[in-house]
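Let me put the thing on screen, and then I'll walk you through it.

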Amino acid sequence: MLSIGSFSSDFSDSPPSDFTTLETSTNISFEIRQANASAPCEPGLPAIEASLKPIVIGVYGISGCGKSTLLGQLKEKLGTFRYQFCEGAEVITSFFQGPHGLDHFRKLLPEQKTQIREMAIRKVARDAAVNKKIAIVTGHFMFWSNKGDEGDVVWTQGDLETYTHIIYLDLPQETLASRREKDLGKTREHISEEDLLTWKCFERDHLRRRCYEAGILFTAFKSPEVDSVTRLVDDWVNVTEDLNVSHALAHLDKLLKKTHHDTGLGTVLVMDGDKTLTDEDTGNIFWKVALNRQIYLNPDPLKAIFGGKGGYSFNAFRQAALLYGELNEFDDLCPVVAKLVTVYPEFIKFMEYVAQDAGSRVKVLVVTCGLARVWEIILHNGYGLEHIDVIGGGCLSDSFVVTPSVKSALVSRLQNKYGARVWAFGDSVLDLPMLARADKAIVVVGAEGSRSRSMESALMKAIDHEGLRACQVLLGEMTPPRLDASRLPVIQLQDQDFLHSIMRGVTHSLPDNVVHLTDTPAARVLMTATRDASISGPELRRAHEKIGWFLATQCITKVIGLENREIAHVQGYTVTGHSLRNEAHTTIIALMRGGEPMAFGVNEAFPQASFVHAKHTADLKAEHLQGQETVVLVDSVVNSGKSVVEFVQHIRGLQAELQIVVVAGVVQEQAVLRGELYEQLYREGERLKIVALRLSKNKFTGKGGTDTGNRLFNTTWLD
């Protein structure tokens with residue numbers, strides 16, 4: 001019987017040399033030849049940068065599993081234009097002079113064998129880098145002999161550092177025994193089927209574990225057909241993170257075309273799945289079911305994958321997809337897992353309400369790093385929500401994996417290509433890129449014991465330093481909130497104001513945080529001078545100052561509020577007067593140069609406020625905002641709103657909690673109905689207000705004699 005406890009490792013930290021003399025246990029000296037790199041590759045070959053680690057794919061399995069056969073088939077399929085194919089044993093023997101190199105190698109001491117093995121795999125990698133090719137090489141993880149019921153692990157540190165991918169041939173022990181017996185070309189001692197199974201399982205599982213820890217992509221084939229392996233190699237070599245995102249975006253486009261949403265969308269609710277719509281993690285449930293059915297004996301393989309060197313990287317998500325793809329029972333297990341998942345009733349009611357009241361005007365899309373097939377069955381079969389599409393993970397054959405960057409890219413696609421206003425719902429660090437990109441971000445908070453531990457600090461950083469504006473919804477009984485209500489306001493999914501705000505986005509109505517006086521008598525009078533072509537220079541600047549003072553007294557006081565202060569009455573007693581709330585802690589920023597006259601008018605109304613000139617965001621420093629409560633950004637005209645958004649985001653990077661009020665004489669209506677400024681308004685909520693004398697439907701942008709800044713300062717000859 002094979003003794004598992006007798007396995008030992010030959011890892012060595014000593015670096016190999018390219019030219020050395022090794023002494024064997026029999027005192028025979030063998031000269032190790034310096035390995036010369038292969039000739040340069042043919043012109044026009046798709047290059048692998050020589051300065052980068054080359055792709056080196058290992059073909060592994062116990063003796064007799066068919067590694068050499070598969071290597072030959074791959075060589076015939078893939079050709080040598082882009083690939084180099086190596087038998088590991090032949091690379092080792094190439095270091096020895098004479099025809100019996102392998103015999104010489106076997107006589108070496110264990111530490112000397114380790115050194116040669118490291119030299120061999122590094123030679124393979126060096127040749128691949130020099131020739132700009134992908135290397136595919138057969139190798140051994142361990143050997144076993146009947147003589148001592150012992151096995152020796154021969155994998156080296158060089159293997160661990162060199163390989164980027166491993167294919168393991170996981171044939172049934174009956175097939176292995178038959179192949180070993182029929183292979184007359186090699187002399188192998190007899191090993192029972194029971195011992196072959198023990199050897200194979202130990203080797204496969206330990207090699208898998210080391211690959212997961214090191215970030216080496218690993219997969220096992222129970223039936224390694226050359227076509228399947230060829231497709232996998234092609235995927236490994238060609239699919240980059242950018243291409244993965246492109247595949248996901250193409251899938252989104254296909255879904256929207258199928259549901260006739262490809263011509264445009266109103267509002268899209270993008271929701272994470274695991275730990276957002278439910279308290280469960282479908283991936284963990286999947287592997288528990290597989291364990292209970294004796295399909296896969298590791299109860300938590302995802303922890304090994306995402307807890308390794310790669311963390312939650314693109315490669316780690318691909319590794320998870322590879323693992324799911326190893327199971328022939330994958331499609332059978334998904335319905336079983338789906339039946340064990342209960343969606344929060346609050347979300348079911350919410351999604352049903354949206355479907356009933358908004359219909360096709362609001363689309364719900366589940367985007368999950370978890371299993372797409374499981375979530376389709378949960379929503380479509382379990383709750384009858386067939387209208388909800390799901391984009392998620394699964395097997396590598398699905399053409400893409402869902403990563404945090406994919407989630408963010410999907411939100412951007414919905415906004416930029418389809419004109420959608422996106423509300424994103426998520427619970428963990430993996431959702432933060434999506435939440436940051438969305439027009440409205442909702443952090444879903446479940447029971448304290450099951451929520452993401454890393455989310456708290458990451459969320460605080462995103463809010464305090466990266467400009468994230470979000471709300472939180474608490475699910476379950478007595479669920480404590482994350483952070484605090486000022487940083488992360490609490491909302492209810494069934495709250496009428498919340499539901500109304502979603503419906504409002506369907507028609508792109510004016511956000512509540514935009515205040516304007518369009519078509520009022522006062523606005524008509526004040527705007528007359530600014531629109532009169534005969535007025536420019538000092539007279540026009542005075543007109544802008546009047547508008548600034550008027551907007552300050554009529555609108556900003558309502559937006560920010562007033563505070564009481566004691567003043568001396570002319571008749572000799574004390575009475576209560578009023579001033580702008582936190583006026584002494586308010587900074588007025590004149591966006592140069594067109595905003596200066598109007599800013600002076602605002603300052604006339606609020607004389608205790610600080611005053612700063614800024615043409616570019618870099619002009620605004622942290623010291624300008626130190627100790628302040630409110631910022632008033634003043635410009636004469638807001639066209640696209642791009643400059644305003646840049647200043648708002650810059651201010652958030654300096655002081656995240658400040659109240660910001662944007663003041664302008666004219667704001668183009670479309671800027672606050674869609675686009676960057678519109679998105680910023682919804683992200684900010686009550687923390688950002690726009691005050692305008694007039695909203696204009698005219699998209700005309702002036703220049704020369706029609707540019708407001710040139711008219712204000714009599715420079716109309718300038719473009």
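So, how many cavities of 30 Å³ or more does the count come to? The count comes to 1. By cavity I mean a set of points on a 1 Å grid over the protein atoms alone, where a 1.4 Å probe fits but cannot get out, and lining residues have an atom within 4 Å of a point. Grid points are joined across faces, edges and corners, and the volume is the space filled by probe spheres set on the points. The largest cavity has a volume of about 50 Å³, and its lining includes K275, D279, D427, V444 and R482.

Before I go on, the housekeeping. This is a predicted model, with local features needing pLDDT of at least 70 and side-chain atom pairs counting only at pLDDT 80 or more, while totals for chains, interfaces and linings use all residues. Residues are numbered from 1 along each chain as its sequence is written, and side-chain values use heavy atoms, with hydrogens and water left out.

Back to V444, because that one leads us into a sheet. Helices (H or I, at least four residues) and strands (E, at least two) are DSSP runs, numbered from the N terminus, and two strands pair if DSSP finds at least two bridges between them. V444 has V473 in β16 as its bridge partner. Strands β15 (residues 440–445) and β16 (residues 470–474) run parallel and share 5 bridges. They belong to an open, parallel sheet of 7 strands, ordered β13-β12-β11-β14-β15-β16-β17. At its edges stand β13 and β17, each with a single partner strand, so one side of each has no neighbour in the sheet.

Next sheet. This one is also open and parallel, with 6 strands in the order β18-β25-β24-β23-β21-β22. The edges here are β18 (514–516) and β22 (610–614), each with a single partner, so one side of each is left without a neighbour in the sheet. Neighbouring strands are turned by 20° against each other on average, direction ignored. Axes are lines fitted to C-alpha atoms, for helices over the stretch in contact, and angles run from 0 to 180 degrees between N-to-C directions.

Inside that sheet, 8 bridges join β23 to β24, and T630 stands opposite Q659. Helix α25 (residues 676–684) packs on the sheet, touching β18, β23 and β25, with its direction at about 140° to that of β25. Helix α21 (residues 537–560) lies across β18, β23, β24 and β25, at about 135° to β25. Contact, by the way, means heavy atoms within 4.5 Å.

What about α22? Of its 10 residues, 8 are buried, so the helix is largely enclosed by the rest of the structure. Buried is under 20% relative accessible area, exposed over 50%, partly exposed in between, using a 1.4 Å probe and protein chains only. The buried residues of α22 pack against α21, β21, β22, β23, β24 and α26.

Last stop, β9 (residues 165–169). Here 5 of the 5 residues are buried, so the strand is largely enclosed too. In a regular strand the side chains alternate between the two faces of the sheet. On one side sit H165, I167 and L169, on the other I166 and Y168. Strand β4 joins β9 through 4 bridges, running parallel, and 5 bridges join β9 to β10, also parallel.

That's my tour. Over to you.

Definitions and conventions. On a 1 Å grid over the protein atoms alone, a cavity is a set of points where a 1.4 Å probe fits but cannot get out, and a pocket is an open set with protein on both sides within 12 Å along at least five of seven lines; lining residues have an atom within 4 Å of a point.
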